[in-house]
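Here is a friendly briefing to read with the model open beside you. Take it topic by topic and look up each residue as you go.

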Amino acid sequence: MPRVSEAHLAARRQQILDAAALCFARNGFHQTSMQDVIKEAGLSVGAFYRYFKSKNELITAIAGTKIGEVTSALDELMARDPMPPIPVILDHILEIIETYMVEGGTVRIAVQVWGEAVHDAEVAAVVAEIYGRVRSRAVAMAEGARASGQLPADADPQGVGAALFGLIQGYILQRVLVGEVDRERYVAGIRALLSAP
């Protein structure tokens, strides 16, 4: 029997993740069963469980991929010399997040997972690890901004980083829970806050 190529395995894994994202976005995390995802993916039970054993594994993989894209973008922006102003970096990240709102409802899934993390220790650990990566980048952004004079010399990078991370989450929550939020106005508001005495 011939070996299955890595490309085939990766494509099948992505097929499952795409099916899971559709199911979670359509029916919610709790209302989606593994059988729903298997059916959406068009696979046998055996083929499916070769890749994922639980909904938590699916969520970890979906979130990890999307957060990886965000952290890569942050790393690229912060590596520029000079580092762009904080509002420019945040605008770019929020633009990426907007694409996730259109493509498969990934951001809506994120909000569901945040709620699930309150009740499920396993999900909470995954959320803390994955989102901790973004917050650590926000702290690094604050350190870079302080070093370049964008922030006062006595600014606390941990506190500023936590606040910047909160601005990203706040944008997501407002888009999902309240409705349309204009990204340009949101970033203009961030600029105003940063320039306030």
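**Helix 4 against helix 7**

In helix 4, the residues Asn56, Thr60, Ala63, Gly64, Ile67, Thr71, Leu74, Asp75 and Met78 meet Glu122, Val123, Val126, Ile130, Tyr131, Arg133, Val134, Arg137, Ala140 and Met141 of helix 7. Here a contact means heavy atoms within 4.5 Å, and helices (H or I, at least four residues) and strands (E, at least two) are DSSP runs numbered from the N terminus. The residues of this contact divide into 11 nonpolar, four polar and four charged; Ala, Val, Leu, Ile, Met, Phe, Trp, Tyr, Cys and Pro count as nonpolar, Asp, Glu, Lys and Arg as charged, and the others, Gly among them, as polar.

Before going further, please keep in mind that this is a predicted model, in which local features need pLDDT of at least 70, side-chain atom pairs count only at pLDDT 80 or more, and totals for chains, interfaces and linings use all residues. Residues are numbered from 1 along each chain as its sequence is written, and side-chain values use heavy atoms, with hydrogens and water left out.

**How the helices cross**

- The axes of helix 4 (residues 55–79) and helix 7 (residues 121–147) come within 10 Å and cross at roughly 5 degrees. Axes are lines fitted to C-alpha atoms, for helices over the stretch in contact, and angles run from 0 to 180 degrees between N-to-C directions.
- Helix 4 and helix 7 are therefore roughly parallel to each other. Angles under 35 degrees count as roughly parallel, over 145 as roughly antiparallel, 65 to 115 as roughly perpendicular and the rest as oblique.
- Helix 6 (residues 106–117) packs on helix 8 (residues 157–178) at an angle of about 105 degrees, and their axes are 10 Å apart. This pair is therefore roughly perpendicular.
- Six nonpolar, one polar and one charged residue make up the contact of helix 6 with helix 8.

- Thr71 lies in helix 4 and is buried, with a relative accessible area of 5%. Buried means under 20% relative accessible area, exposed over 50%, and partly exposed in between (1.4 Å probe, protein chains only).
- Apart from its neighbours within four places in sequence, Thr71 is in contact with Arg133, Val134 and Arg137.
- Val123 has its place in helix 7 and counts as buried at 4% relative accessibility.
- Once neighbours within four places in sequence are set aside, Val123 is in contact with Asn56, Val113, Glu116 and Ala117.
- Val123 and Pro85 are 38 residues apart in sequence and 34 Å apart in space, C-alpha to C-alpha.

**Salt bridges**

- Side chains of opposite charge can pair when their charged atoms come close. The structure holds seven salt bridges, each a side-chain nitrogen of Lys or Arg within 4 Å of a carboxyl oxygen of Asp or Glu.
- Asp75 and Arg137 meet through their side chains in a salt bridge (2.7 Å, N to O). Asp75 lies in helix 4 and Arg137 in helix 7, so the pair ties together parts that are 62 residues apart in sequence.
- Asp75 is partly exposed, at a relative accessible area of 33%.
- Arg80 and Glu76 also form a side-chain salt bridge (3.0 Å, N to O). Arg80 is partly exposed at 43% relative accessibility, and Glu76 is partly exposed with a relative accessible area of 41%.
- Glu98 and Arg183 meet in a salt bridge (2.7 Å, N to O). This pair links distant parts of the chain, with Glu98 in helix 5 (residues 86–102) and Arg183 in helix 9 (residues 183–195), 85 residues apart.
- Glu98 and Arg183 are both buried, and a network of salt bridges links Asp91, Glu98, Arg175 and Arg183.

**Nonpolar core and whole chain**

- The largest nonpolar core has 65 residues, of which Ile16, Leu58, Ile93 and Met141 touch the most other members. Such a core is a set of buried Ala, Val, Leu, Ile, Met, Phe, Trp, Tyr and Cys residues joined through side-chain atoms within 4.5 Å.
- Helix 4 gives the largest share of this core, 11 residues.
- The chain has nine helices and zero strands, and buried residues make up 43% of its 197 residues.
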